[in-house]
Amino acid sequence: MSWASKLSKSYRIDAAKNFKLKHFDPASTAHVQSKEHAQELLAKGIAEMAEYQDRLYAQDRWAVLLIFQAMDAAGKDGAIKHVMSGVNPQGCQVFSFKAPSSEELNHDFLWRTTKCLPERGHIGIFNRSYYEEVLVVRVHPDILKNERLPESLVTRDVWQQRFEDICGFENYLAHNGVVVRKFFLNVSKKEQKRRFMERLDSPEKNWKFSAADVKERQCWDDYMTAYEEMISATSTKNSPWYVVPADNKWYTRLVVAAAIVDTLKDLKLEYPTVDPNRRKQLLVSRAELQKKK
Ligand code: ATP
Ligand code: MG
């Protein structure tokens with residue numbers, strides 16, 4: 001088994017009826033001896049990822065969608081920035097999803113993200129996603145009213161239906177060659193407070209502070225329940241969740257990188273081969289090029 005597979009598989013959930021977060025320690029750094037060891041592995045992971053991405057792009061068959069969800073200050077932005085630092089920007093696109101615009105609210109909840117799905121040969125990253133629908137919207141059901149669904153459709157089954165629709169959508173993507181991997185960056189409430197304090201205390205981090213994030217923190221337990229139910233309902237073999245320890249940023253980045261490398265490796269990506277006819281054409285072009293000045 002590769003290092004990436006070994007490291008990522010203990011955080012991978014691909015079938016869970018009753019997932020409980022209490023079994024996942026946000027501060028875990030298991031599988032590495034030290035921060036330095038983790039940094040070495042991360043560098044290796046980033047290099048492997050670059051190589052696989054090159055083949056993904058050349059082969060032009062699969063698309064890869066990486067979804068990031070987390071509480072505020074869990075390190076989504078940093079993880080995306082560091083882990084993807086080695087990939088070719090031409091084959092990669094990041095989309096961030098905030099509170100929906102009025103145009104987005106005029107459509108079904110999958111509309112805005114569907115428009116941003118990665119092309120074949122590309123890696124797409126969603127910084128937040130359609131999963132906000134069963135997180136922030138579920139924790140604050142008032143938000144659902146903004147969607148103006150017909151009243152008869154808003155029953156107590158609405159969240160269960162959302163889960164089923166998401167699973168159906170992700171199966172559809174799987175059947176169409178879009179490989180979905182989902183990351184929940186699991187930060188502890190205590191570490192989140194420490195990071196908020198740091199944002200208040202360091203002038204160069206003040207810009208990151210938002211009073212709204214502190215308000216959201218008061219709903220912590222509701223969010224954790226929503227995350228547990230979401231992971232229980234939407235973890236599948238095709239589209240697994242990774243519950244990534246997020247109290248140590250250097251470990252978070254390593255686990256995310258390992259999961260991506262493992263995913264790309266499993267695709268058995270190959271450069272397209274050239275058939276004999278095409279090879280003949282290449283030889284002709286070569287001879288012509290050589291003849292000319
Ligand atoms: P950062 O704070 O690091 O810049 P962020 O992803 O937290 O990044 P913000 O602009 O602070 O970006 O927050 C986006 C907000 O939009 C979050 O609170 C999120 O819950 C909310 N949001 C995202 N999708 C939806 C949705 N479908 N309905 C309502 N709110 C949403
Ligand atoms: Mg924010």
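Reader: Which polar side-chain atom lies 3.0 Å from an oxygen atom of ligand 1?

Author: One from Lys 98. Such a polar contact is a pair of N or O atoms within 3.5 Å. The model is predicted, with local features needing pLDDT of at least 70 and side-chain atom pairs pLDDT 80 or more, while totals for chains, interfaces and linings use all residues. Residues count from 1 along each chain as written, chains are lettered from A and ligands numbered from 1 in written order, and side-chain values use heavy atoms, without hydrogens and water.

Reader: What do Arg 112 and Glu 132 contribute?

Author: An N or O atom in the Arg 112 side chain is 3.0 Å from a nitrogen atom of ligand 1. A polar side-chain atom of Glu 132 sits 2.9 Å from a ligand 1 oxygen.

Reader: How much of ligand 1 does the protein bury?

Author: Accessible areas use the Shrake-Rupley method with a 1.4 Å probe. Alone, ligand 1 exposes 630 Å², and the protein buries 71% of that.

Reader: How many residues surround ligand 1?

Author: A residue is near if one of its heavy atoms lies within 4 Å. Here 13 residues surround ligand 1. Six are nonpolar, none polar and seven charged; Gly would count as polar.

Reader: How do I read the sheet?

Author: Strands pair through backbone hydrogen bonds, either parallel or antiparallel. Strands are DSSP E runs of at least two residues; pairing needs at least two bridges. This open sheet has six strands, ordered β1-β6-β5-β2-β4-β3, with mixed pairing. Its edges are β1 (12–13) and β3 (92–96). β1 pairs antiparallel with β6 (241–245) over two bridges.

Notes. Polar contact = N/O pair within 3.5 Å; in protein donor to acceptor, adjacent residues only side chain to side chain. Helix = DSSP H or I, 4+ residues; strand = E, 2+ residues; numbered from the N terminus.
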